[in-house]
Structure formats: structure tokens, C-alpha cells
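User: I have a few quick questions about this one. Can we go through them in turn?

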Amino acid sequence: MTENELRETLKTKKPIAFKRDGTFRVLFFSDIHCFLDGGDMRSLDAMEKMIEEKSPDLVLWAGDGPAGAKTRDDLIKLIKVFSLPMESRGIPWAVTNGNHASAACRDLSLEEIEDVFEKCFDFCVTKHVEGIHGNTNYVLPVYSTKDPSRIALNVFSLDTGNDMSDIDGVRIVRGRICSDVIKRALPVGVTAHNYDIIRFDQLAWYWDVSSSVEKINGKTPAIMFTHCCPHEAKIIRDNPEETKMVGNFTEGIRTGPLNSGVFATVVERGDVIGFYFGHNHNNTAEGTYCGIRMGYVGSVGYEGYGVSGHTDAEKNKYRGARLLSFKEDDILNYSSEYLYSSDYVKHYNS
Amino acid sequence: MSITQNELKRILSNKFRLSFGTRGTFRILLFSDFHSHYKHQDPRTYEAFEKIIDDKNPDLVYLMGDLPGGPVKPAEAVEMLSALSRPMDKRGIPWTLVFGNHDDSICRGMPMDRIEKLMEKKCPNCMIKNYGKKIHGYSNHAIPVYRSESDDSISFILYGLDAGRDISAMNEDYELNGDIIEFLSAPKRLTARRRFDIVRFDQVIWYWELSKAVETMNGKTPALVMTHSGVQELRVLGDFPKNLDVDGELAEEIKVGAINSGLFTAGFQRGDVIGFYCGHNHVNTGEGKYCGIRFGYAGSIGYDAYGTKKPHSDRERNRLRGARMLTFDRDDIINYRSEYIYASDYVAPVIEVK
């Protein structure tokens, strides 16, 4: 990547930087699953109250946000409602695509939906890269407050894609994939893990950007966020003590069928210190493996599925969001906490 | 990294130009895990090695790593390599190698790049070379097989990638403080044992770019990827033997590198790889098909290496010794034949003393 290309890659619509007191807060919302006709408005209420209380410097939607809009105007209207907490306060925000991204709007392609996010909101800093798979691949540099020309932290987003039918020749069998050839020999009824993966050209793009940033800015800590998790999330679940796991795995780990190698790639590049993802609404766990903190950001959307239970309170027990708080002089030891929606909005016991 | 056409020419030019001959077939014999010292070895290793070569008359011999049984003294390294290459040298058969996790013992104390150079120099028929210092590993090389002696179109290509040595290099490179190793003792593990390094991302990029450059020049070209320890996806062979039409045995745990390098997924996405072959697990001889790609083990030819868990019977312990033969038909590359050759068909078992 040339220096010009890199400069272009690092541009953001709004400046993002550590505050004068040397802190920077990122608040993740995932799986809002919101519709134009409202639905359960506690999703928005919880977002509003969390933002009010935590005053984040950057809000990231980790996929599966707006759904069911018919026209472009409907989609804009819908996003306007749910981005109001950020837009009204002037907080930069960005999205990564989830597997339901294409369900956001009937009339629009994924590229056109991306365009709506990029063009129609003052503080939405989402971007994309031409020529590689996926739409929401980008990096957001967060600048230092002491030396405003230096990047203190990078935020990478990679698009984990839609569903697996986009991958040629692959079908799933009981959570594993097999080729068309062997599918014939297998029992019917396979639907789990039906997602695309981060493709190799996306990894090569990340590697290139990260290496190029290192040349001009030195090794720069980064966090990465995606909708579906890397396969290595299993290591956290299976080794809770060793990974110092906090939070829980209430449901299975559902992710793309093939291991894209994204985890090995970020380990080898050495800049990513935190890797965050949504998609499994009821998982809130975070742990550390190979020096990288990996964690779920939960689901803030009351219209999304929850845990099974008879009461509203049981069903929505794990609704929430994840807050990361960075201090510029000790970025590696940032704090990460799961915020429960039930502390902000009312849950019912019947 | 992108590979220019000039650089591509340099990568594809080897000591020998391999091509289909008049008979229209091309045979490759894969031998792995010799683990033998040329002086103190069970003679059956070399006996079987020579007899199989004689019987099958291959066009290329591909060694899948782990040659020495233990660290070889520098004064003896050349002799060991000569003993190893003699069967091919005598018959004028080209051969090559990807390094295994024990191959830093080919010459005790000698760095891998010098071991690699030593083999290039001292073994006249050995095609090993290395792409260079820009990427990890030492036997990263590509061997094209041309359609005929006069035809310059490539029928298929063999990518050799160095899967590295033990995990300590990764721990040091990425300051992992033993994080990966710690999980060896963890109660439930994602895969079996993970004490080995992996094909690194820069090697995967190298394969990816090389494959694209080959496609530009030659069209989509079927490829085999050879590594010593295999890709993590091998474990589906063990999990779904029936569904994957596994032929052969998986008599031990599938042992692979510490983390998933994404090599399989990259090969799958490039769409040129038709087979992944590896050694490392001596008593796995299976081959199956996953996502349209054949995955196979080359077994182990070394009688001094560990065998099956039947320590009291020589016949049992060495039951699965052997090699893998791949036979390509010029007009139907994709449906090449792959067969496991049992060493026991060539050498007699030792008479047991009770």
C-alpha cells in the first residue's frame, strides 16, 4: 500500500481522538434487530440511557441492526430513529455488517445500504474498501491527544458476510461443512452455522493496512470487530480458567463453517489487542487467548431472540452492550465491561 | 506482495524441468518420517524405500519431512543426506522435500537456511530451494509439471510449504509467553495436540499471490499443497470418515499446528488446490475428500520411528509403514489416483524373539 493509498484509507468523516483527559470509550451495540414499526422500544431506550450515562467517544454497531425497510426512504427513517442517541450528541458511530444485513431494505443492494449509512448521517463514520469481499471493511484511526498527528489506537472492522450460499461448493453437515459431493451421502436437515466467512482478500487487506500503518506510526494497538466470531472463541469457552473468562456462554457458538484464519492472522500481525463480535445474542463472555482479548458484545435488541424462559425478565436476561474504556498511557490494559440492559430499562416478571 | 511475471519465471525454474513423458502419466511417490540415522537404523527403512521406488518407477519422489532420527553430528550430515538421496541418484529420479518439525536435526547446530543450501549442493537430484528470506520457513518452493517435454503449458503444480518446527518459535515471535503451550494441559482442547508451529500468514500470501500469477500466465492450474504437518481441517477426516469416503486408517490422533493458519480456506477460495498432503502422524494413512479437495497422509517409511501402539509385536507396530503414490493422467489431472503402498509388501518382518 502506497502512502497516498494509506492516507485515503485512514480518512474519516469526523475526527476521532482521545479526550483531553487521555481517555477514550467505545460502546458496542449488536443485534438490535430493529424495525420501522417500532416493536419493543426498550432497545432504543436502553441505548439512549447507556449512552447518556457512559458518554462514549465512539459507538459501534456489530451487525444485524435495521431490518425490514421497504424503500430507501424507509431505511433512512429507521436508521434515523435508532441513531438519534449518537447523532443528537455528535458521537461518531460506525457499523459492521451482520448476516442479516441484506434484510435491512427490500429495494436496496448491500452496496446501496452501505451508501445510506455513509452518506445520510452526519456522524456515521462507516466506510468500505473497493475490490475485496464484503462492504464494511475499514479502519478508524483514533488519534492521540498529546500528539494529534499520532494514531494511538486503530479500530478495524471486517465484514463476515451474509450466508454460506455465497461460497461455492460448500454445504453444512451437523455444524461442519462438506462438499456437494458428499452431501448426497448425508442425512437431510442441516441449517446450523449457515454463514459466510471473512475471505482471504479481506485478511490480506487488513495485513497490508496494519503493516503500512506500522511503517509510518510504529506498531499501533488495534481492536477488531466483526459480526460472527472467529472459530477460536471456542477456546475461551472450553478453557474458562486459563483464559480468565468473564461472562457466559448461554448458547452455542455459531459462526461461519470454515476457519478463515483471521485469528492466526491477527496473532501474527501483533497489533490487535481486542477482538469483539456479536451474533450469538445470549453469549456475553470475554477471555484472553494468545494475548488477545476476545469477547461477545451481547445483544441490545429486544426484538431479537433471547434465552428460553416464561417471563420477559428471563427471556431478556442477557440483553446488553459492551463498554471498552481506554487510557492513552496504558492502552493495553484497557477495561472491558458488560452492561446489562436490565439496569437501564424495566423487565417484567410475567 | 504481488509476484511479477519475471519473478514467477524464477520461482518456476528448477534444477529439472518435469513433464509428462510419452506414456502420458506422471507418478509421484511421497515418503515421510524416515527418522533414521544412516548408521544405526533398521535396514528395512532403506530396503523398503528402494524396493518401492524400483517397483513403481516414479517421475518424482517427494519427501514430506522429518528425515533424521535425532540430531546428526555435523561431520555425518553429508553422509546421511547421501545415503538418503542415493536411491534417487542411482536411478536418475528427481526428488524434493518439505521440512518437518525435526529437520533442524539434519545437521546439529546448523541453521535451517544452511541445511537447505547444503541439500541443494550435496544432493544432485534434489530440487529443494527456498523462496527467500522475505517469508517464514525454508523449503517454500513450487514445482510445475508441464504437459510434455516440448509443451510449455503447466498441467499441475506442487506447492511445498514449510510448516515450521516446534511452537517455541511462535511463542518467541509473537511474545505469547507460552500462551499456546499452556493450553496443552487444558481440560478440553479444540484439537488434539498443538505443539507445532504453523504455515505462517506470509507463506499463505505467497501461495495466494503465486497461484494468481500462475493463473494469469497459464490459466487456472490444478495444484497440490505439500506440508509436513497438515492443516487443522484434517480433523474432519477423523470426525466423518464415512461421509468423506476416507480410505485407509487413522490409527492415531490427528496432530496439527497450534492455531489454524487459514491455509486450507485460502486454498479452497483460490480454487486451484485439488489435494493437500502431509506426513507427521506416522500411523495415519487415510485419505478423504472435503469441500472437493482431497486430504491425505503419506504415512511413515521409517522403521525407527514410532509405530502403532503394539510394542510387543514388530509386525503389528510396523503394520502401517509405507508410502503414498499419486498417479496423474495427462488428460484427466483432477481425477488422479492415490494409493497407499504398504512397506510390508516389500520387506519381511523381523522374526520375533520371545
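User: Which residues are linked with B:D314 and B:R317 in a network of salt bridges?
Analyst: B:D42 and B:R44 belong to that network along with B:D314 and B:R317. A salt bridge here is a side-chain nitrogen of Lys or Arg within 4 Å of a carboxyl oxygen of Asp or Glu. This is a predicted model, in which local features need pLDDT of at least 70 and side-chain atom pairs count only at pLDDT 80 or more, while totals for chains, interfaces and linings use all residues. Residues are numbered from 1 along each chain as its sequence is written, chains are lettered from A and ligands numbered from 1 in the order in which they are written, and side-chain values use heavy atoms, with hydrogens and water left out.

User: How far apart are the closest N and O atoms of B:D314 and B:R317?
Analyst: The closest N and O atoms of B:D314 and B:R317 are 3.6 Å apart. Both residues sit in helix α10 of chain B, three residues apart, about one turn of the helix. Helices (H or I, at least four residues) and strands (E, at least two) are DSSP runs, numbered from the N terminus.

User: Is B:D314 buried or exposed?
Analyst: B:D314 is buried, its relative accessible area being 10%, whereas B:R317 counts as partly exposed at 28%. Buried means under 20% relative accessible area, exposed over 50%, and partly exposed in between (1.4 Å probe, protein chains only).

User: And how many salt bridges over all chains?
Analyst: The search of the whole structure finds 42. One of them joins the side chains of A:E214 and A:R269 at 2.5 Å, N to O. That pair links distant parts of the chain, with A:E214 in helix α6 (residues 200–217) and A:R269 in helix α8 (residues 262–269) of chain A, 55 residues apart. A:E214 is partly exposed at 29% relative accessibility, and A:R269 is buried at 8%.

User: What does B:E249 meet in a salt bridge?
Analyst: The side chain of B:E249 meets that of B:R319, at 2.8 Å from N to O. These two also link distant parts of the chain, 70 residues apart: B:E249 is in the loop between α8 (235–239) and α9 (263–270), and B:R319 is in the loop between α10 (314–317) and β11 (322–329) of chain B. B:E249 is partly exposed at 28%, as is B:R319 at 30%.

User: Where is A:T136?
Analyst: A:T136 is in the loop between α4 (110–119) and β4 (138–143) of chain A. This residue is buried, with 0% relative accessible area.

User: Which residues is A:T136 in contact with, leaving aside neighbours within four places in sequence?
Analyst: Among them are A:V95, A:T96, A:E114 and A:D159, where contact means heavy atoms within 4.5 Å.

User: Last one. How many helices and strands does chain B have?
Analyst: Chain B has 10 helices and 12 strands. Of its 354 residues, 64% count as buried.
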